[in-house]
Amino acid sequence: MLDVLDLFQPDRPVLDVDAICQLRGYAPATAYRYVRELCACGLLVRLPAGYALGPRIIALDLQMREYDPMLTVSRDLIEELSSQTGLDVLLSERYDDKVINVHQQPGRNTQALNFGRGRYMPLLRSATARVILANLGPRQLRRVYDEHAQSPDMLRLGHDWKTFSRAMLQVRKAGYSISSGELDSGKTGIAAPIFDEERHVLGSITIIGAQDAFAAFREDYLAGLICRAATEITRRIAQAPAKLQHAA
């Protein structure tokens with residue numbers, strides 16, 4: 001039922017039942033039942049032309065902005081990184097095989113990002129996503145490779161499984177990933193992974209900015225900053241699971 005929410009996009013903010021049936025392959029009775037239940041809990045709202053995302057999503061967004069567990073333990077570190085470098089800092093979380101930015105701390109000369117807060121980014125592009133990809137378990141990583149083996153983004157990372165897995169191993173060993181212009185022309189980012197208490201990758205933290213501003217720093221300096229911040233966030237998550245569960 002919740003898959004219905006994924007159908008709403010910038011080019012289709014309102015959908016009727018026929019469109020939902022066509023896009024998801026639902027029987028009309030199933031689609032009507034889903035939208036009725038989603039409307040009842042405020043996730044959808046009925047309009048003359050169909051259905052749109054409902055007001056409860058705004059309330060949930062506020063909850064995320066103020067009390068997201070990963071953000072709660074990292075907000076001070078994110079602000080410190082932005083203050084130290086003058087660059088933007090992103091906190092991103094893994095969602096299934098997707099990566100989404102949940103927070104953007106603007107730097108001194110911040111500019112709009114194509115994949116800022118709330119936008120899913122390609123799993124195979126950008127340091128932000130790639131450092132998460134590189135730290136998936138072997139079976140997960142192989143599944144991602146098999147699903148995207150012929151895509152241009154995958155071919156840039158490796159023309160076969162051996163080359164791709166070796167590239168991911170290099171990222172894991174380095175502890176960070178760096179990319180330039182892959183999502184935003186003229187911008188460079190460096191990212192490090194964040195883990196839960198069992199060392200499963202949860203997301204990443206990224207320093208990003210215009211290439212000339214980024215180039216003012218040595219790579220090893222920025223790598224040290226981002227890796228230490230990611231390690232500290234991971235430590236805080238591991239040491240305060242009960243608090244995080246309460247905050248969630």
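Modeller: Let's begin with a term: two strands pair if DSSP finds at least two bridges between them. Strands (E, at least two residues) and helices (H or I, at least four) are DSSP runs, numbered from the N terminus. This is a predicted model, where local features need pLDDT of at least 70 and side-chain atom pairs count only at pLDDT 80 or more, while totals for chains, interfaces and linings use all residues. Residues are numbered from 1 along each chain as its sequence is written, and side-chain values use heavy atoms, with hydrogens and water left out.

Biologist: How do you know that β6 and β7 pair?

Modeller: Four antiparallel bridges join β6 to β7 (187-195), and at least two are required, so they count as paired. In one of these spots, S180 has T188 of β7 as its bridge partner.

Biologist: What makes β5 and β6 edge strands?

Modeller: The open sheet has six strands in the order β5-β4-β3-β8-β7-β6, with antiparallel pairing. β5 (120-121) and β6 (177-180) each pair on one side only. Helix α10 (219-239) lies across β6, β7 and β8 (201-210), at about 30° to β7. Such angles run from 0 to 180 degrees between N-to-C directions, with axes fitted to C-alpha atoms, for helices over the stretch in contact.

Biologist: How do you know which residues of α3 and α4 meet?

Modeller: Contact means heavy atoms within 4.5 Å. M64, R65, E66 and Y67 of α3 meet P69, L71, T72 and R75 of α4. The axes of α3 and α4 (69-85) are 7 Å apart, at an angle of about 40°.

Biologist: What makes a residue part of its lining?

Modeller: An atom within 4 Å of a point. There are 25 such residues, with D6, I57, I100, G118 and Y120 nearest the centre. α3 (56-67) gives the most, five residues. Domain 1 (2-59) and domain 2 (68-244) each supply at least three, with bounds from an automatic or database domain assignment.

Key
On a 1 Å grid over the protein atoms alone, a cavity is a set of points where a 1.4 Å probe fits but cannot get out, and a pocket is an open set with protein on both sides within 12 Å along at least five of seven lines; lining residues have an atom within 4 Å of a point.
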